[in-house]
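Dear colleague,

I am handing over the structure we spoke about. Please look through it first; my notes follow below.

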Amino acid sequence: PLFVIQGNLQMMSMSLENVPPEILKKYTQRIERSSQQLLRMVVNLLDISRIEEGTIRLKQDHADINEIIEEIIKRIKDYPENQSREINIELDERLPELTRDKSIMERVFENLINFSVTNLVDEGKVTISTSTTDDQKIQFITHDSGTQIPKNYHDKIFEKFSQAEIKDSGYRVDRALGLTFCKMAVEAHKGNMWLDLKNKVGNKFIIELPINTS
């Protein structure tokens, strides 16, 4: 993200007097998105450290999961590079509200949805769904039609020190340990997250959170 920010600032400074408003808007949008991405990366790393040290303090907010997801998708669809990508949502309207740390859970969903969308090659499709399971859990699924994570790395994709190894194999992993943060944050909320090993097309991530944490 820093390279994007620096590059666009340089382009703006080189032609600031003559740059048309629409081009200037494009530069500022790129800088804004990259700044948000950089902030998300830094906060992810800090929260991973806090979770590992046992010093993270989880808030108890009322969280409407569907509402959070819809807001995230709205932001992601506004990115020009996502205009040709199809994002389908299948949200259970009967989903109960949860009492969780809303800020952290929002970043979990945003990290995972961003991973799925950016994993698409050119045109592609991501399906995002929510539901309630029979054993009183809320289930959140992202299923992309993009490049599949190599099978020999299915067990390592959430590990902090496997990212460089996976990248060296030719697969572009999420930056700043986004998937590592997601899994650790979900488990801190007494939930589970995994990659569906039976899935044949793209990647299917599943998160389950207990409705009652008492």
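Is Glu71 buried, partly exposed or exposed? With a relative accessibility of 43%, Glu71 counts as partly exposed, because that class lies between the limits of 20% for buried and 50% for exposed. Please keep in mind that this is a predicted model.

Glu71 sits in helix α3, which covers residues 65–77. On the surface, Glu71 belongs to a patch of negative charge, together with Glu67, Glu70 and Glu97.

Next, the salt bridges. There are eight of them in the structure; here are some of the pairs.

Asp47 takes part in two of the contacts I looked at. One is with Arg50, where the side chains meet with 2.9 Å from N to O. Both residues belong to helix α2 and are three residues apart, which is about one turn of the helix. The other is with Arg107, and here the closest N and O atoms are 2.2 Å apart. Because Asp47 is in helix α2 and Arg107 in helix α4, this pair ties together parts that are 60 residues apart in sequence.

The accessibilities in this group are as follows:

- Asp47 has a relative accessible area of 5% and is therefore buried.
- Arg107, at 12% relative accessibility, also counts as buried.
- Arg50 has a relative accessible area of 36%, so this residue is partly exposed.

A further salt bridge joins the side chains of Asp135 and Lys137, at 3.8 Å from N to O. Asp135 is partly exposed, with a relative accessible area of 47%, and Lys137 is partly exposed as well, at 22%. As for shared partners, salt bridges link Asp47, Arg50 and Arg107 into one network.

The largest nonpolar core has 44 residues, and the members that touch the most others are Ile69, Val108, Phe109, Ile113, Met193, Phe205 and Ile207. At least two residues of this core come from each of the helices α2 (21–53), α3, α4 (102–118) and α6 (178–188), and likewise from each of the strands β4 (125–132), β5 (137–144), β6 (192–195) and β7 (203–210). Helix α4 gives the largest share, with eight residues.

Regards

Conventions. Residues are numbered from 1 along each chain as its sequence is written. This is a predicted model: local features need pLDDT of at least 70, side-chain atom pairs count only at pLDDT 80 or more; totals for chains, interfaces and linings use all residues. Side-chain values use heavy atoms; hydrogens and water are left out. Patches are made of residues with over 30% relative accessible area and no salt bridge: like charges are joined within 9 Å, nonpolar side chains (Val, Leu, Ile, Met, Phe, Trp, Tyr) within 5 Å. Accessible areas come from the Shrake-Rupley method with a 1.4 Å probe; for residues, only the protein chains shown count as cover. A salt bridge is a side-chain nitrogen of Lys or Arg within 4 Å of a carboxyl oxygen of Asp or Glu. Lys and Arg count as positive and Asp and Glu as negative; His and the chain ends are not counted. The place of a charge is taken as NZ of Lys, CZ of Arg, CG of Asp or CD of Glu. Helices (H or I, at least four residues) and strands (E, at least two) are DSSP runs, numbered from the N terminus. Buried means under 20% relative accessible area, exposed over 50%, partly exposed in between (1.4 Å probe, protein chains only). A nonpolar core is a set of buried Ala, Val, Leu, Ile, Met, Phe, Trp, Tyr and Cys residues joined through side-chain atoms within 4.5 Å.
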